[in-house]
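Hi there,

Here is the structure I promised to pass on.

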Amino acid sequence: MRVAFVTTDDLDALGTEDVDRPINEAAFAAAGIDLHHRPWTQPANWEDYDLVVIRSPWDYPERTPAFLAWLASVEHLPTLMNPAPIIRWNLDKRYLTELGDAGVSVVPTGYATSLHEVDELLADEANHLARRDTPAEVVVKPTISVGSRNTGRFAVEDPAARALAETIRASGGTVMIQPAIASVSRRGEVAAVVFDGAISHGLVKGPILDVGGRLLGGGYQEAVSATELSAGHRDVALRAVEEVRALAEQRGWVAPGEHLLYGRYDLVQLDDGSQALLEAELFEPSFFLQVDPGAPERLVQAVRRRALQVAGQR
C-alpha cells in the first residue's frame with residue numbers, strides 16, 4: 001500500500017517542523033505502508049497512490065489561488081482525503097456560520113468585507129462587552145489563515161485592532177472579529193482529534209495570543225498536552241462532526257453515511273461555562289499524535305481502512 005501525505009516545500013510555512021511527521025513515518029513503516037510526504041507545489045503522479053491525504057500544505061493562505069488550482073487538478077481522484085469540496089468549504093472560516101445555523105455551539109463571530117463593517121463590529125463588541133464584567137477584548141484575524149498569522153488579541157478600543165483589519169483588507173481578505181474568550185487566556189483551547197467519525201484523543205493547546213497583537217513568548221509556540229475530554233467537550237465536538245457529515249452528504253461531497261477521514265475540532269469554554277466550537281480543521285490540522293501513545297496506530301488503521309474501501313469501489 002502506497003500513501004501520499006500532501007505537504008509543502010515552503011520551509012517558512014512549515015515552521016520548525018511538522019511535529020506529526022516523524023511519528024507518522026515510524027507508525028506507517030511499522031504497519032508496512034509505504035508513506036511519502038509530497039509537496040503540492042511539485043509535480044507528482046498522484047494517481048499512483050492508494051490514498052492521497054492532505055496534511056500540511058501550510059502555505060495555502062499566501063498562495064490560495066494556486067492551491068485551489070492544484071486542488072481542482074486532483075479533485076477527480078477518489079483517493080483524495082478529505083474530498084476537495086470539503087476543503088474548499090473549510091478553507092474559509094465563514095463555514096462557522098453554517099455550523100452555527102445547524103445548531104452547533106460556536107464562538108460568536110462577525111465578518112467584515114469593508115472597513116466600515118469593521119468599525120461597526122468593533123463598536124458592537126465594545127457595547128456588548130461593556131455590559132459584562134469581563135475585559136473588553138477582541139480577536140481580529142482573516143477568514144483564511146493558518147498558524148495565527150495576521151491574528152491579534154486587542155483591547156477593543158486599541159487602534160491596533162483596526163490597523164490589523166486594514167492590513168487584512170488591503171490583501172483582499174475578509175476580517176473576522178470575535179470576543180476574546182477569557183478561558184483561552186488562562187488555559188488555552190481544548191481539541192478533539194477525530195478519525196472516521198470517532199474521537200481518537202483530546203489535547204490542550206496553551207494560550208498563544210497576548211494583548212496588543214503580540215504572541216506570548218515573542219513567537220508562535222504551541223504548548224500541547226494530553227487531556228481527558230469532558231462530556232461537554234465530547235457533545236459539542238460530536239455534534240459538529242455529525243453536522244459536517246450531514247452537510248457533506250446533502251451536497252454530494254461524501255457517500256451516504258460516510259464520515260470524513262479526519263478532523264480536529266478546537267473548543268473553548270465560554271463565560272457561562274458551556275463549550276463552543278472555535279474552529280473545525282478539516283484538511284490541514286496537526287494531530288499532535290505525541291500526546292497519546294495509541295493515536296498513531298488509530299490513524300494508520302483509519303488510513304488503511306479508507307484505502308481498502310476506495311480500492312473496493314473502483
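Counting salt bridges in this predicted model gives 21 of them. Side chains of opposite charge can pair when their charged atoms come close.

In Arg162 and Glu166, the closest N and O atoms are 2.4 Å apart. These two are separated by about one helical turn, because they sit four residues apart in helix H7 (residues 159-170). Arg162 counts as partly exposed, at 28% relative accessibility, and so does Glu166, at 34%.

Arg264 also bridges to Asp266, with 2.9 Å between the closest N and O atoms. Arg264 has 3% relative accessibility and therefore counts as buried; Asp266, at 1%, is buried too. Both belong to a network of salt bridges that also takes in Glu189, Lys205 and Glu281.

Now for the strands. An open sheet is built from five of them in the order E11-E10-E9-E12-E13, with antiparallel pairing. Its edges are strand E11 (224-226) and strand E13 (275-281), each of which pairs on one side only. On average, neighbouring strands are turned by 30° against each other, direction ignored. Within this sheet, strand E9 (residues 189-195) and strand E10 (residues 198-205) pair over seven bridges, and Phe195 has Ala198 in E10 as its bridge partner.

Enjoy exploring!

Best wishes

Conventions
Residues numbered from 1 in each chain as written. Predicted model: local features only at pLDDT ≥ 70, side-chain atom pairs only at ≥ 80, totals over all residues. Heavy atoms only, no water. Pairing = 2+ DSSP bridges. Axes fitted to C-alpha atoms, helices over the stretch in contact; angles between N-to-C directions. Salt bridge = Lys/Arg side-chain N within 4 Å of Asp/Glu carboxyl O. Buried < 20%, exposed > 50% of the residue type's maximum accessible area, 1.4 Å probe, protein only.
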